[in-house]
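Me: Please go through the labels given to this model and say what each one rests on.

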Amino acid sequence: VLGVLFNFKTIGKLVFDSHDDSLIFRFIAVYILLYLINISCLWLFKISGWENMYMNGFLLLVPLALISFVLNKKFVFKGKINEKN
């Protein structure tokens with residue numbers, strides 16, 4: 001729980017320049033979705049014969065980070081990044 005709250009505050013401030021605490025429920029929903037995607041992909045790797053779960057987790061690291069950014073940008077902190085120009 002503390003990790004999710006810490007991530008909400010740091011991602012909100014450092015990445016999206018947001019101080020809006022009312023977005024926490026959307027953030028938690030995205031967090032749960034990412035968790036479900038992660039364990040589903042790990043399960044698919046395992047039943048496909050890829051037994052090394054450390055390597056499987058490593059392979060999912062970049063795709064899940066990109067999915068996380070896009071989901072947070074579109075559904076949680078939408079409109080929070082200011083355009084320079």
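This is a predicted model: local features need pLDDT of at least 70, side-chain atom pairs count only at pLDDT 80 or more; totals for chains, interfaces and linings use all residues.

Reply: Residues are numbered from 1 along each chain as its sequence is written, and side-chain values use heavy atoms, with hydrogens and water left out.

Me: Why is the pair Asp 21 and Lys 9 called a salt bridge?

Reply: The term requires a side-chain nitrogen of Lys or Arg within 4 Å of a carboxyl oxygen of Asp or Glu. The closest N and O atoms of Asp 21 and Lys 9 are 2.7 Å apart, so the pair meets the definition.

Me: What makes Lys 13 and Asp 17 a salt bridge?

Reply: Their N to O distance is 3.3 Å, and the limit is 4 Å, so the pair counts.

Me: Why is Lys 9 called partly exposed?

Reply: Buried means under 20% relative accessible area, exposed over 50%, and partly exposed in between (1.4 Å probe, protein chains only). Lys 9 has 42% relative accessibility, so it is partly exposed. Asp 21, at 45%, is also partly exposed.

Me: How do you know that the lining of the largest pocket has no charged residues?

Reply: Asp, Glu, Lys and Arg count as charged; Ala, Val, Leu, Ile, Met, Phe, Trp, Tyr, Cys and Pro as nonpolar; the others, Gly among them, as polar. The lining consists of Ile 11, Phe 27, Tyr 31, Leu 34, Tyr 35, Asn 38, Leu 64, Ala 65, Ser 68 and Asn 72. By class, therefore, seven are nonpolar, three polar and none charged.

Conventions
On a 1 Å grid over the protein atoms alone, a cavity is a set of points where a 1.4 Å probe fits but cannot get out, and a pocket is an open set with protein on both sides within 12 Å along at least five of seven lines; lining residues have an atom within 4 Å of a point.
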